[in-house]
Structure formats: structure tokens, C-alpha cells
Amino acid sequence: MGIIISSISQGLLWSIMAIGVYLTFRILDIPDLTAEASFPLGAAICSSQIVAGTAPLLATFLGLIGGLFAGLISGLLHTKLKIPALLTGILTMTGLYSINLRIMGQANVSLLGKATIMSFFNSLGLTNQMAVLVVGLLFVSSVILFLYFFFRTTLGLAIHATGDNHEMSQANGINTDAMKMIGYMISNGLIALSGALMAQSNGYADISMGIGTIVIGLASVIISEVIFRNVSFVKRLLLIVCGAIIYRLIIAAVLELGVAPTDLKLFSALILTLCLASPLLSSRFFRGKRKQRLIEIEKEG
């Protein structure tokens, strides 16, 4: 039961990052690798500020602001300098590695004995796992509520339109470059927020904690799409949260089977591959079953 609660609580924190990946990957149709750097950026800023004595909630907000700036840089490189999206993410990710080291001053920062958002709930009598669960629920609810209202505004609809049909949006007078930059910023802001919360949950920030972030985000998104395909925007966000939790449960099950932690990245890649291939595999399976049934009907006739 403890493993399940831990997986759910960790999945809630990771789901904020997965929602950020979804915004660029599905809404804007842009493969953004900036996530690999904006995640540890949020953790680095938050942890450094907490160590310096900043209030945990304010430090978390500053981590989010750092992610917004990372998204702005990627947006400018992609829209103004016309650098392809994949290369844009690689460039920003490479540059932010040094910036993250500068912010932390070392490869990792420990939060042992420091006040965090989780320790506030610990002081109310909650265990560490329950504190992470409550914090995850509060922040995930806030993020989904914000995105629900934001994408009902004219600006949000313009971002949606830009991702759906870039040329038609331009023809209707939408500044598509500005919409892409705003999408980049919101996406990486949420990813950095997830990093800030994960650092407080784990008790440290590490320069390498962003490695594999994009895989986890994509796996959560793909799992949510495998469960249900055509759903509304809010339901999709809720399903991404479920996808992140399912992913963490799968990882917990893999570890319980005795797989070495060093092999987790390999299993993450395999899980993502299976999720991406599942529509093709399922269609071939049902097509084969249908063909077999037709042959049986012909024989009976």
C-alpha cells in the first residue's frame, strides 16, 4: 500500500511536467526538448532559494518564472531565428546546463533540514507520502483550473488554432510567432514547476535530474491517449494525470520484480515504444481476428 501511495503522489508531481510536454507536443505540434533542461532549472532555482532562506512557496514560484524564461528563449530561437524545433531544444538544453550549474554552484543542492512545502504539511501531522500527495493534488488542480480558463480565452483559442492549422491562422490575422512563444513559455513554466516540487519532495536538486524527462512526459501523454482517444481538453488533462500515475505504478512494479535501478531508463524507453506502437498493434490484431472470423464464416457457408 505504501508503494501505491508513493507512486500516486510522485505521479501527481510528474503529471504537471507531462501536461507541459502535452502543450507543445500536441497543442502546438512542436517536439520541444527544452524540457530536459527546464525541469532541473526549476529545481535548481527553487532549491538554491530555499537554502538562501526564501519562503518555500515563493521559491517554487521563482522556479516557475525561470521555466517561463527558458521557454521564451526557445520560442525566440524557433520563431525569430527560424531554427528547427528539435535543434532549438538541443541548443537551449545545452546552454541551460551551464546556467543550472551556475545557479546551484555545484552539481547538487541538499534540502536536508530545510523548510519546504512538504514540511509544512508534515508539521500538521501528515506523513511525508501524504504530504506529497496533498501538495500534488493542490498544484495539479490549480494547473488544470488555470489551463481550463486560459484556453477558453481569445489568446488560448489562438494558440490552439496555431497548432491546428498554422497557415490558416496566419491568414486570419493571428500572430503565430507570438502564439508559439507563449505556448513555449507556459509549457516550460509548468515543467520547471514540476521540477521545483520534485526537488522538495526528494530533498535535493541535481544537475542530472532532467535526463529522461521528455520520455516520462511523452509516456504519460501516450498512455492517456491509449486509454481514451477523442475527449475534451479538460478530460485530456485529467487523463494525462492518470497516465503519469500509471507510468509510476509500472515503474514501481518493475522495481518490485527485482530490476536494477540502473536499467530504469531502458524500461522507460520500452514502455514508451509499446505505448506508441499500441494503436498499430491493436489494429493489426483486430484486423487479423476479423479476417479469421470471415474465413470461418465462409467455411461454414
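I began with helix α9, residues 176-202, whose 27 residues reach 39 Å from first C-alpha to last, close to the 39 Å expected at 1.5 Å a residue. A reminder to myself: this is a predicted model. Next I looked up how covered α9 is, and found 23 of its 27 residues buried.

Then I turned to a helix pair. I recalled that two packed helices are described by the angle between their axes and the distance between the axes. For α1 (residues 2-27) and α6 (residues 128-150), the axes come within 9 Å and cross at roughly 25°. Angles under 35 degrees count as roughly parallel, so α1 and α6 are roughly parallel to each other. I noted that their crossing is left-handed. Which residues make the contact? On the α1 side I listed several, including Ile5, Ile8, Leu12, Ile16, Ile19 and Leu23, and on the α6 side Met130, Leu133, Leu137, Val140, Ile144 and Leu147 are among them. The contact residues divide into 16 nonpolar, seven polar and no charged.

Last, I checked phi in the loops. Asp29 has a positive phi near 60° and is not a glycine; I found Asp29 in the loop between α1 and α2 (35-51). Is Asp29 buried or exposed? Its relative accessibility is 57%, so Asp29 counts as exposed. Lys82, also not a glycine, has a positive phi of about 60°, and lies in the loop between α3 (56-79) and α4 (85-104). At 58% relative accessibility, Lys82 counts as exposed.

How values were computed
Residues are numbered from 1 along each chain as its sequence is written. This is a predicted model: local features need pLDDT of at least 70, side-chain atom pairs count only at pLDDT 80 or more; totals for chains, interfaces and linings use all residues. Side-chain values use heavy atoms; hydrogens and water are left out. Helices (H or I, at least four residues) and strands (E, at least two) are DSSP runs, numbered from the N terminus. The expected span of a helix is 1.5 Å times one less than its number of residues. Buried means under 20% relative accessible area, exposed over 50%, partly exposed in between (1.4 Å probe, protein chains only). Axes are lines fitted to C-alpha atoms, for helices over the stretch in contact, and angles run from 0 to 180 degrees between N-to-C directions. Angles under 35 degrees count as roughly parallel, over 145 as roughly antiparallel, 65 to 115 as roughly perpendicular and the rest as oblique. A crossing is left-handed if the near helix is turned anticlockwise from the far one by less than a right angle, and right-handed if clockwise. Contact means heavy atoms within 4.5 Å. Ala, Val, Leu, Ile, Met, Phe, Trp, Tyr, Cys and Pro count as nonpolar, Asp, Glu, Lys and Arg as charged, and the others, Gly among them, as polar.
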